[in-house]
Amino acid sequence: MGVFNKIPINLKFPIKKLFYFGTYFHCLACNCRIRRFEPAGVDHEAVIKYQIIGGGFYSESLCPVCRSTYRDRLIMWYLKFKIDKKILKNGKIIHIAPEYTLYRYLKRNKNYYCGDIDLRKYPKFKQFVKIDIVDAAFDKNTFDLIICNHVLEHIPDDQKAMKEIYRILKPGGIAILQVPISKKLLTTYEDDTISEPDARQREFGQKDHVRIYGQDYPKRLLNAGLKVEIVVPANGFNYRKHGINKEERLFVCTK
Ligand SMILES: [Zn+2]
């Protein structure tokens with residue numbers, strides 16, 4: 001990527017679009033036709049052992065033009081093709097630990113807020129608010145859309161976070177709550193005595209993860225009061241062309 005470092009930022013996008021142009025692959029995040037997606041991520045031992053979807057290495061992960069990941073693009077697919085457009089335009093939205101790609105798409109909405117507990121990680125983001133997802137400073141029934149993508153696996157008391165999401169979600173609103181999830185584990189693996197980064201990496205697949213979700217993840221959401229729908233693109237959808245992992249599921253919650 002070094003060749004693009006000296007190019008002014010407003011010229012980067014059109015130049016990259018041209019440079020990576022191809023006829024097969026299509027990025028739903030930046031809407032570019034590209035000749036490849038790039039690999040990203042590292043398969044730590046636990047990722048392989050527990051067959052974790054949404055974690056570790058993925059061969060067609062990054063879009064070379066907009067740097068979206070395969071996980072961002074699955075959410076982008078949902079936003080572009082499944083959600084009521086009125087929510088995107090005017091609905092009240094909170095996007096927790098925001099991915100730049102989704103931020104760029106959503107920030108045209110004046111009721112869009114993104115946030116994190118640590119403001120310093122996002123110096124360039126506007127409409128940014130400090131939010132602690134286990135104790136969110138918002139009234140109940142505030143948001144039409146909540147996006148929380150790969151956050152809950154970092155939070156020790158995830159039940160509390162899920163209950164907060166339930167509380168601030170409007171009736172009729174939607175919460176997209178993605179986590180890395182094991183194909184093998186029926187029950188979520190967590191152990192709060194494992195607190196050292198290296199031990200967490202060994203046990204949970206990443207230094208700052210506190211668990212590996214198993215197939216009981218939807219049940220944990222239900223326990224917090226949320227209704228869960230598991231959503232995937234329709235049969236015939238070309239996952240490879242759009243750089244989306246066909247094993248990943250969207251957990252779309254309502255109250
Ligand atoms: Zn892209």
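I began with Asn141, which I found in the loop that joins β8 (128-130) to β9 (143-149); helices (H or I, at least four residues) and strands (E, at least two) are DSSP runs, numbered from the N terminus. The model is a predicted one, in which local features need pLDDT of at least 70 and side-chain atom pairs count only at pLDDT 80 or more, while totals for chains, interfaces and linings use all residues. Residues are numbered from 1 along each chain as its sequence is written.

**Entry 1: positive phi**

I looked up phi for Asn141 and noted a value near 55°, which is positive in a residue other than glycine. I kept this on record because most residues other than glycine have a negative phi. Asn141 is partly exposed, because 13 other C-beta atoms lie within 10 Å; the classes are buried for 20 or more other C-beta atoms within 10 Å of the residue's own, exposed for 12 or fewer, and partly exposed in between, with C-beta atoms placed from the backbone. I noted Arg67 too, which is not a glycine and has a positive phi of about 65°. Arg67 sits in the loop between β5 (58-62) and α3 (70-81), and with 19 other C-beta atoms within 10 Å it counts as partly exposed.

**Entry 2: the chain as a whole**

I then turned to the protein chain, whose secondary structure comes to nine helices and 15 strands. Its radius of gyration, taken over C-alpha atoms, is 18 Å, close to the 18 Å given for 255 residues by the globule rule (2.2 Å times the number of residues to the power 0.38), so the chain is as compact as a globular protein of that length. The C-alpha trace spans about 50 × 45 × 40 Å along its principal axes, and buried residues make up 38% of the 255 residues. Of the contacts with a separation of 6 or more (a contact being two residues whose C-beta atoms, placed from the backbone, lie within 7 Å), 64% are between residues 24 or more positions apart.

**Entry 3: the seven-stranded sheet**

In which order do the strands of the open sheet of seven run? I read the order as β8-β7-β6-β9-β10-β15-β14, with mixed pairing, where two strands pair if DSSP finds at least two bridges between them. The edge strands are β8 and β14 (227-231), each of which pairs on one side only. Neighbouring strands are turned by 25° against each other on average, direction ignored; axes are lines fitted to C-alpha atoms, for helices over the stretch in contact, and angles run from 0 to 180 degrees between N-to-C directions.

I followed β6 (residues 93-96) in both directions. Four bridges join β6 to β9, and the two run parallel, with Leu145 in β9 as the bridge partner of Ile93. β6 also pairs in the parallel sense with β7 (residues 112-116) over four bridges, and there Ile96 has Gly115 as its bridge partner. From β6 the chain crosses through helix α5 (residues 100-106) to β7 in a right-handed β-α-β crossover, that is, clockwise from the first strand over the helix to the second when the strands point away from the viewer.

Asp158, Ala161, Met162, Glu164, Ile165 and Ile168 are buried in α6. Seen down the helix axis these fall within an arc of 155°, so they line one face of α6; the arc is that of the directions from the helix axis to the C-beta atoms. The cover over these buried residues includes β9, β10 and α8 (217-223).

**Entry 4: Gly22**

Last, I looked up Gly22, which lies in strand β1 (residues 21-26) and counts as exposed because it has 12 C-beta neighbours inside 10 Å. Leaving aside residues up to four places away in sequence, Gly22 touches Arg33, Ile34, Arg35 and Arg36. Its C-alpha atom and that of Asp192, 170 residues apart along the chain, are separated by 47 Å.
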